[in-house]
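I am opening a notebook on a structure that is new to me. The entries below follow the order in which I looked things up.

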Amino acid sequence: MLQATNKKKGSWILFVILFFVNIGFKEVIRFLEVNDFLLEGIFVLTFISLMIFFISNTYQLKNILWLVILFYFFLLFMSFQNLDILKVEYGLQKVFLGLFVPVLCIIVFNRYEWDDKSVLKYLIISVSIISIIGILYKLKGGFFDRSVSFGLLGSIPFGWVNGMAFLSLVLVREKSFKQIVLSLFFLTMIIWTGSKGPLLGVVLVCLIFWNRVLGKKVSTKIIVFSIVCIAFFILLIYSDDIRSVRMIIDFLADPEEYSEGVGKGSVGTRQEYIATSWRLFLENPIFGVGFGGWQSNFTDHKYPHNVSMEMLAETGFVGFVFFLYLLFKLKYKKIIAYVGLYGMMTLLFSGDFSYFRYAFFPLLLAYVSNDNTKL
């Protein structure tokens, strides 16, 4: 068995590649779908993945890996509960993207030696590349036109990954001036997207870990607190011009009016989706309506924008408990784990189970990276 002491130190280039593969593998699925090879392609990818799992040295991932495989086949089986082939294919792509893609990346990651500080640094580099590409793309396609994608990603996932980089910086207790400036850049990227979910997720995590955000040194606490106050007043002054801030303020001022009025297209529909998911769960409490079957109740959408309600409605109590148990088995004492928890928080506002890879990847990083750096 390959021991950790014999591992080569991982490079930032490898990390960036793994980060991009985890996020961008959806393009492979889209290619299979366009060429009418999705069902067969998923089974081929599943077979190849299992071979990789069994022949790789995954002693550090052994318990998690078996749990992922069992959960994967449970969701695979639940996908075939649907009679519509399109819903079956949708369920299959969700489970492969959500579970196997991040695990495959972590198996490659685990062949090298990493520490917490390097993981955070390389994540910041990865998101910086995505942000620079996004800025250049938007300069050409429409800088403030939200309908234009942010380069490699849409507005919401772009906000998600920038939130990850932001938290990787602000949750470190000892911050340099450079780190503070970079964190402001990533916060600006989140606000620029106009998406409420990523911004709200960042705010909630910062409130939970407020003492970490302020930093360890008194001078750092003063600087960070001053910047937060200045940013707060700027956001209030220009709230009418900043889409995400304006919407959050309007919702907090009058939730019912906002949900039924101007916010009906986002908050209002999400409330309707959650209510429908709960109803589906109560009607099918044990195994749900089938993985990918939630869309049977709506002609305009496939998922409820809340991964917890999605699991309850589509896989019932059994699948939901399986999902929680998988999360319970991971480790949560590192900053990269907090980044993963932020990902889970954003999945309560947007995305389906296929986007679980955004949160699962950093959670797995926390599980396998060396805990030899004081953060």
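**Entry 1: the chain as a whole**

I began with burial: of the 375 residues of the chain, 54% count as buried. I note here that this is a predicted model. I then looked up the secondary structure and found 17 helices and 2 strands in the chain.

**Entry 2: α1 against α5**

How do helix α1 and helix α5 pack? I took α1 as residues 12-24 and α5 as residues 85-109, and the angle between them is about 170 degrees, with the axes 9 Å apart. An angle over 145 degrees counts as roughly antiparallel, and α1 and α5 are therefore roughly antiparallel to each other. On the α1 side, I listed Leu14, Phe15, Leu18, Val21 and Asn22 as making the contact. On the α5 side, I listed Val101, Pro102, Cys105, Val108 and Phe109. Sorted by class, the contact of α1 with α5 has 9 nonpolar residues, 1 polar residue and no charged ones.

I followed Asn22, which is found in helix α1. Is Asn22 buried or exposed? Its relative accessible area is 2%, so I recorded Asn22 as buried. Leaving aside neighbours within four places in sequence, I found Asn22 in contact with Val101, Pro102 and Cys105, and also with Arg357, Tyr358 and Phe361.

**Entry 3: Ile130**

I next picked Ile130, in helix α6, which spans residues 116-141. Ile130 counts as buried, because its relative accessibility is 3%. Which residues does Ile130 contact, leaving aside its neighbours within four places in sequence? I wrote down Phe19, Phe20, Ile23, Leu152, Leu153, Phe158 and Val161. I also looked at Gly151, 21 residues from Ile130 along the chain, and the two C-alpha atoms are separated by 7.6 Å.

**Entry 4: aromatic pairs**

I turned to the aromatic rings, and the structure holds 37 aromatic pairs. I looked up the pair of Phe158 and Trp192: the centres are 6.0 Å apart, the planes are 80 degrees apart, and the pair is edge-to-face. Phe158 lies in helix α7 (residues 155-170) and Trp192 in helix α8 (residues 177-193), so the pair ties together parts that are 34 residues apart in sequence. Phe158 counts as buried, because its relative accessibility is 0%. Trp192 counts as buried too, at 14% relative accessibility.

I then looked at Tyr273 and Trp294, where the ring centres are 5.3 Å apart and the planes stand at 90 degrees, so this pair is edge-to-face. Tyr273 is in helix α14 and Trp294 is in the loop between α14 and α15; they are 21 residues apart, and the pair links distant parts of the chain. I noted both Tyr273 and Trp294 as buried.

Which residues form one aromatic cluster? I listed Phe71, Phe74, Phe291, Phe322, Phe323, Phe353, Phe356 and Phe360.

I checked α15 and helix α17 (residues 356-368) next: their axes come within 11 Å and cross at roughly 30 degrees. Phe323, Leu326 and Leu327 of α15 meet Phe356, Phe360 and Leu363 of α17 in this contact. I sorted the residues of the contact of α15 with α17 by class and got 6 nonpolar, no polar and no charged.

**Entry 5: two positive phi values**

Most residues other than glycine have a negative phi. Asp36 has a phi near 55 degrees, a positive value in a residue other than glycine. I placed Asp36 in the loop between α2 (26-34) and α3 (38-55). Its relative accessible area is 69%, so I recorded Asp36 as exposed.

His305 has a phi near 60 degrees, again a positive value in a residue other than glycine. I found His305 in the loop between α14 (264-283) and α15 (307-328). Is His305 buried or exposed? I recorded His305 as buried, because its relative accessibility is 11%.

Conventions:
Residues numbered from 1 in each chain as written. Predicted model: local features only at pLDDT ≥ 70, side-chain atom pairs only at ≥ 80, totals over all residues. Heavy atoms only, no water. Axes fitted to C-alpha atoms, helices over the stretch in contact; angles between N-to-C directions. Helix = DSSP H or I, 4+ residues; strand = E, 2+ residues; numbered from the N terminus. Parallel < 35°, antiparallel > 145°, perpendicular 65-115°, else oblique. Contact = heavy atoms within 4.5 Å. Nonpolar A, V, L, I, M, F, W, Y, C, P; charged D, E, K, R; others polar. Buried < 20%, exposed > 50% of the residue type's maximum accessible area, 1.4 Å probe, protein only. Phe/Tyr/Trp six-rings, centres within 6.5 Å; stacked < 30°, edge-to-face > 60°.
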